[in-house]
Amino acid sequence: MFDYYGTKWKKKRQKILKLDGYRCQIAKRYGRTEEAQVVHHIYPAEEYPEYAWQDWNLISVSLANHNRLEDRNTGALTEMGLALQRKTKPGVDWRNK
């Protein structure tokens, strides 16, 4: 199980939030500005541990958008989360497009 409470994750989370300007990257795609509180794994850490710490696999999102990307009860990706995953090519930094 991925450790979301450890120091390593807390530092990585802060790095990604700063990298994304503390703004939800999903809202940004629709021309909206929302504060990001969550860093989401596009390819879930449990299924793809080799991608868990990669910047290209991490995206800053609002809590509301995180709930739209992932079923909060099961942890499974929703259709929106799967669509984001399909758009994200492993190893390619989507921030530099």
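Analyst: Happy to! Let's begin with a term: a pocket is an open set of grid points where a 1.4 Å probe fits, with protein on both sides within 12 Å along at least five of seven lines, and its lining residues have an atom within 4 Å of a point. Keep in mind that this is a predicted model. In its largest pocket, 22 residues form the lining, and Y4, H41, H66, E70 and R72 lie nearest the centre.

User: How much space lies in the largest pocket, and which element gives the most to its lining?

Analyst: The space comes to about 570 Å³. Strand β1 gives the most to the lining, with four residues. The elements giving two or more residues are α1 (7-19) and β1.

User: What makes up the lining of the largest pocket by class?

Analyst: The lining has 11 nonpolar, six polar and five charged residues.

User: H66 was one of the residues nearest the pocket centre. Is H66 buried or exposed, and how do you know?

Analyst: Buried is the word for a relative accessible area under 20%. H66 has 7%, so H66 counts as buried. This residue is found in helix α3, and it touches V38, H40, V61 and R72, leaving aside residues up to four places away in sequence.

User: What about V39: buried or exposed, and how do you know?

Analyst: V39 has a relative accessible area of 7%; with the cut-off at 20%, V39 is therefore buried. V39 belongs to strand β1. Leaving out residues up to four places away, V39 touches W9, R13, I16, L17, L58, I59 and S60. From V39 to S62 there are 23 residues in sequence and 8.6 Å in space, C-alpha to C-alpha.

User: What makes a set of residues a nonpolar core, and which residues have the most contacts inside the largest one?

Analyst: The members must be buried residues of nonpolar kinds, such as Val, Leu and Ile, joined through side-chain atoms within 4.5 Å. The largest core here has 13 residues, and I26, I42, I59, V61 and L84 have the most contacts inside it. Elements α2 and β2 each give two or more residues to this core. There is also a second, separate core of nine residues, including L17, A36, A45 and L58. As for I59, its contacts beyond four places in sequence include I16, I26, I42, L84 and W94.

User: Why are the buried residues of α4 said to lie on the same side?

Analyst: In helix α4 (residues 79-87), the buried residues are G81, L84 and Q85. They cover an arc of only 100° around the axis, so they sit on the same side of α4. These buried residues pack against α2 (25-29), β1, β2 and α3 (63-69). The face turned away from the buried side carries the exposed residues E79, R86 and K87.

User: Why is Y48 called partly exposed?

Analyst: Partly exposed covers values between the buried limit of 20% and the exposed limit of 50%. Y48 has 25% relative accessibility, so Y48 is partly exposed. Y48 lies in the loop between β1 (38-41) and β2 (58-61). Setting aside residues up to four places away, Y48 touches Y43 and Q85. Y48 and S60 are 12 residues apart along the chain, and 18 Å separates their C-alpha atoms.

User: And what makes the phi of Y22 worth a remark?

Analyst: Most residues other than glycine have a negative phi. The phi of Y22 is near 60°, a positive value in a residue other than glycine. Y22 sits in the loop between α1 and α2. With a relative accessible area of 37%, Y22 falls between 20% and 50%, so Y22 is partly exposed.

How values were computed
Residues are numbered from 1 along each chain as its sequence is written. This is a predicted model: local features need pLDDT of at least 70, side-chain atom pairs count only at pLDDT 80 or more; totals for chains, interfaces and linings use all residues. Side-chain values use heavy atoms; hydrogens and water are left out. Buried means under 20% relative accessible area, exposed over 50%, partly exposed in between (1.4 Å probe, protein chains only). Contact means heavy atoms within 4.5 Å. The arc is that of the directions from the helix axis to the C-beta atoms. On a 1 Å grid over the protein atoms alone, a cavity is a set of points where a 1.4 Å probe fits but cannot get out, and a pocket is an open set with protein on both sides within 12 Å along at least five of seven lines; lining residues have an atom within 4 Å of a point. Grid points are joined across faces, edges and corners, and a volume is the space filled by probe spheres set on the points. Ala, Val, Leu, Ile, Met, Phe, Trp, Tyr, Cys and Pro count as nonpolar, Asp, Glu, Lys and Arg as charged, and the others, Gly among them, as polar.
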